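Subject: Structure for you to look at

Hello,

Here is the structure I promised to pass on. Please open it alongside this message.

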Amino acid sequence: MPQYVVERHLPNFTGEMVAAAAKRAKQTTAAMTREGTPVRYMRSVFSPGEDKCYCLFEGDSADTVRQANERADLPVESISEALSVTTEEIT
């Protein structure tokens, strides 16, 4: 399934607020998947000094990821297709 990075501008957010937003994203994407629209929230990276958060999702399309974020009432600055590489994949 394709992966997408969602960029968010989160002024005055704390780590606890980001964790709550991540929980909403996870719950919303799980509900959408149960309803027949496969989408999954994977992780977030928050840079409090820049008020930026980057969230990784899997979904059929950028539009599906956008719908999930709108349904979770989460702000979206941009959505870009992404490639995620982990240390386990590097030989």
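First, the ground rules. This is a predicted model, in which local features need pLDDT of at least 70, side-chain atom pairs count only at pLDDT 80 or more, and totals for chains, interfaces and linings use all residues. Residues are numbered from 1 along each chain as its sequence is written, and side-chain values use heavy atoms, with hydrogens and water left out.

The sheet

Four strands make an open sheet, ordered E2-E3-E1-E4, with antiparallel pairing. Strands (E, at least two residues) and helices (H or I, at least four) are DSSP runs, numbered from the N terminus. Two strands pair if DSSP finds at least two bridges between them. At the edges are E2 (39-47) and E4 (78-82), each pairing on one side only. From one strand to the next, the twist averages 25°. Axes here are lines fitted to C-alpha atoms, for helices over the stretch in contact, and angles run from 0 to 180 degrees between N-to-C directions.

E2 and E3 (residues 52-59) run antiparallel and are joined by eight bridges. Val39 has Gly59 in E3 as its bridge partner. Ser44 stands opposite Cys55 in E3. E1 also pairs with E3 in the antiparallel sense, over seven bridges. There, Arg8 stands opposite Cys53 in E3. E3 is mostly covered, with seven of its eight residues buried. Buried means under 20% relative accessible area, exposed means over 50%, and partly exposed is in between (1.4 Å probe, protein chains only).

Val45 counts as exposed, at 53% relative accessibility. Leaving aside residues up to four places away in sequence, Val45 touches Lys52, Cys53 and Tyr54. Contact means heavy atoms within 4.5 Å. The C-alpha atoms of Val45 and Ile90 are 21 Å apart, and the two residues are separated by 45 residues along the chain.

The helices

The axes of H1 (residues 15-34) and H2 (residues 62-71) come within 9 Å and cross at roughly 125°. That makes H1 oblique to H2. For such angles, under 35 degrees counts as roughly parallel, over 145 as roughly antiparallel, 65 to 115 as roughly perpendicular, and the rest as oblique.

Which residues meet? Thr28, Thr29, Ala31 and Met32 in H1 meet Thr64, Gln67, Ala68 and Arg71 in H2. The residues of this contact divide into three nonpolar, four polar and one charged. Ala, Val, Leu, Ile, Met, Phe, Trp, Tyr, Cys and Pro count as nonpolar, Asp, Glu, Lys and Arg as charged, and the others, Gly among them, as polar.

Two loop residues

Most residues other than glycine have a negative phi. Where are the positive values to look at here? Asp51 has a phi near 60°. Asp51 sits in the loop between E2 and E3, a hairpin with four residues between the strands. At 23% relative accessibility, Asp51 counts as partly exposed.

Asp73 also has a positive phi near 60°. Asp73 is in the loop between H2 and E4. Asp73 is exposed, with a relative accessible area of 64%.

Best wishes
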